[in-house]
Amino acid sequence: MSHSHMVIFQNQEGNPGYRQFEAIDEAVAFVESIRNDQGVDAARIFRLEEVHFQFQPYYRVAVTDPGIL
């Protein structure tokens, strides 16, 4: 099973950034690049896994008589 990878980093100005990669070696190369070219030393790599879910209906009751509230 293949996982995507996310690099989350903070640039020199303190602004957050992120990039997604299919392979870990691409993510590592990106972290090396932003460290060597931009001086970014606050970076993390995450492995992403899809979370399966389904939509299910639900009901909500609303009181429509303002005199009751």
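Pro16 is exposed, with a relative accessible area of 72%. That value, like everything else here, comes from a predicted model. Pro16 sits in strand E2. Setting aside neighbours within four places in sequence, Pro16 is in contact with Phe9 and Gln10. Phe55 is another story: Pro16 and Phe55 are 39 residues apart in sequence, and their C-alpha atoms are 32 Å apart in space.

Let's stay on strand E2, which covers residues 16–21 and also holds Tyr18. Tyr18 counts as exposed because its relative accessible area, 61%, is over the 50% cut-off.

At 47% relative accessibility, Gln20 lands in the partly exposed class. What does Gln20 touch, leaving aside neighbours within four places in sequence? The contacts are Ser4, His5, Met6 and Leu48. With Ser4 there is a polar contact between the two side chains, at 3.4 Å. Gln20 and Val7 are 13 residues apart along the chain, with their C-alpha atoms separated by 6.3 Å.

| Residue | Relative accessible area | Class |
|---|---|---|
| Pro16 | 72% | exposed |
| Tyr18 | 61% | exposed |
| Gln20 | 47% | partly exposed |
| His3 | 17% | buried |

Now for His3, which is found in the segment before E1. Why is His3 called buried? Its 17% relative accessibility is under the 20% cut-off, so His3 counts as buried. The His3 side chain reaches the backbone oxygen of Leu48 at 3.3 Å. Beyond its neighbours within four places in sequence, His3 is in contact with Glu22, Arg47, Leu48 and Glu49.

Nonpolar side chains tend to be buried together in soluble globular proteins. In this model, the largest nonpolar core has seven residues: Val7, Phe9, Phe21, Ala27, Phe30, Ile34 and Val40. Strand E1 (4–10) and helix H1 (24–38) are the elements that each give two or more residues to this core. H1 supplies the largest share, three residues.

Phe21 is one of the core residues. Not counting residues up to four places away in sequence, Phe21 touches Ser4, His5, Val7, Glu26, Ala27 and Phe30. Among these partners, Val7, Ala27 and Phe30 are members of the core as well. Ser4 and His5 turn up again as contacts of Gln20.

Note on methods:
Residues are numbered from 1 along each chain as its sequence is written. This is a predicted model: local features need pLDDT of at least 70, side-chain atom pairs count only at pLDDT 80 or more; totals for chains, interfaces and linings use all residues. Side-chain values use heavy atoms; hydrogens and water are left out. A nonpolar core is a set of buried Ala, Val, Leu, Ile, Met, Phe, Trp, Tyr and Cys residues joined through side-chain atoms within 4.5 Å. Buried means under 20% relative accessible area, exposed over 50%, partly exposed in between (1.4 Å probe, protein chains only). Helices (H or I, at least four residues) and strands (E, at least two) are DSSP runs, numbered from the N terminus. Contact means heavy atoms within 4.5 Å. A polar contact is a pair of N or O atoms within 3.5 Å; within protein, one must be able to donate a hydrogen and the other to accept it, and residues adjacent in sequence count only if both atoms are side-chain atoms.
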